[in-house]
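Hi,

Here is the structure I promised to pass on to you. Please open it alongside this note.

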Amino acid sequence: MKFFVDSADVAAIRELNATGLVDGVTTNPSLIAKSGARILDVVAEIAGLIDGPVSAEVTATDHDTMLKEGRKLAKIAPNIAVKVPLTMDGLKTCKALSDDGVMVNVTLCFSANQALLAAKAGASFISPFVGRLDDIGQDGMELISDIVEIYENYAFETEVLVASIRHPMHLLQAAKIGADVATLPPDVLHRLADHPLTDKGLKAFLDDWAKTGQSILDAD
Ligand code: E4P
């Protein structure tokens, strides 16, 4: 399973990238706004840091302008995936950019039928938002299961990129279903490594070790 970082915070991305766990990055207009940076600058900086796909989202809603924006974003670096919303104009833009050889991430997906359309339009990634579905009392993970099943039925190459992940259980469930990618906010990625028994066990080892008065670096 690939891990993307869902952030436009360059420092946080750089820190996580050093772990070797990061396969890509996703941004969106809200994350860019939160970072306070200029879109072309921050996307270029992230794309230079990360070997894998870096999603940058168009902000127009009509096909012609979306296509112009998408082509401009794609020129930033070869690892840019242009993000387009799941609307008919977005799907038309997805098809045109895919035909250009550009990776496209179709975002704001909330139904399996929408995901089927994105795959048929040639998307490299489909981004179903599990947290936002849970927020309105629906089952976000059921959507992931449905999309994985449908894509397998027809051997679509579009990767299922689980988005709007809010906590480690979302990641666990997505991994059990077999989703291709999870995009994780930095704090959720950090929390995946946490376990109280790890902390407790480490403390006990270190307390016992201190009693020996030894140091590995000073030992010969
Ligand atoms: C993914 O590409 C989206 O940017 C993101 O996961 C949305 O998450 P949110 O619902 O927590 O804003």
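This is a predicted model: local features need pLDDT of at least 70, side-chain atom pairs count only at pLDDT 80 or more; totals for chains, interfaces and linings use all residues.

Residues are numbered from 1 along each chain as its sequence is written. The protein's mean pLDDT (the predictor's confidence in each residue, from 0 to 100) is 98, with 100% of its residues at 70 or more. Its scores are ipTM 0.97 and pTM 0.96.

**The barrel**

Eight strands form a closed barrel in the order E1-E2-E3-E4-E5-E6-E7-E8, with parallel pairing. Strands (E, at least two residues) and helices (H or I, at least four) are DSSP runs, numbered from the N terminus, and two strands pair if DSSP finds at least two bridges between them. For instance, 2 bridges join E7 (residues 159–162) to E8 (residues 181–184), and Leu-161 has Val-181 in E8 as its bridge partner.

**Two helices**

The axes of H6 (residues 112–120) and H8 (residues 140–153) come within 9 Å and cross at roughly 40°. Axes here are lines fitted to C-alpha atoms, for helices over the stretch in contact, and angles run from 0 to 180 degrees between N-to-C directions. The residues of this contact divide into 8 nonpolar, no polar and 1 charged.

**The ligand**

Around the ligand are residues including Asp-6, Asn-28, Phe-129, Arg-132 and Thr-183; to be near, a residue's C-beta atom, placed from the backbone, lies within 6 Å. The shell has 2 nonpolar, 7 polar and 2 charged residues. Here Ala, Val, Leu, Ile, Met, Phe, Trp, Tyr, Cys and Pro count as nonpolar, Asp, Glu, Lys and Arg as charged, and the others, Gly among them, as polar.

Best wishes
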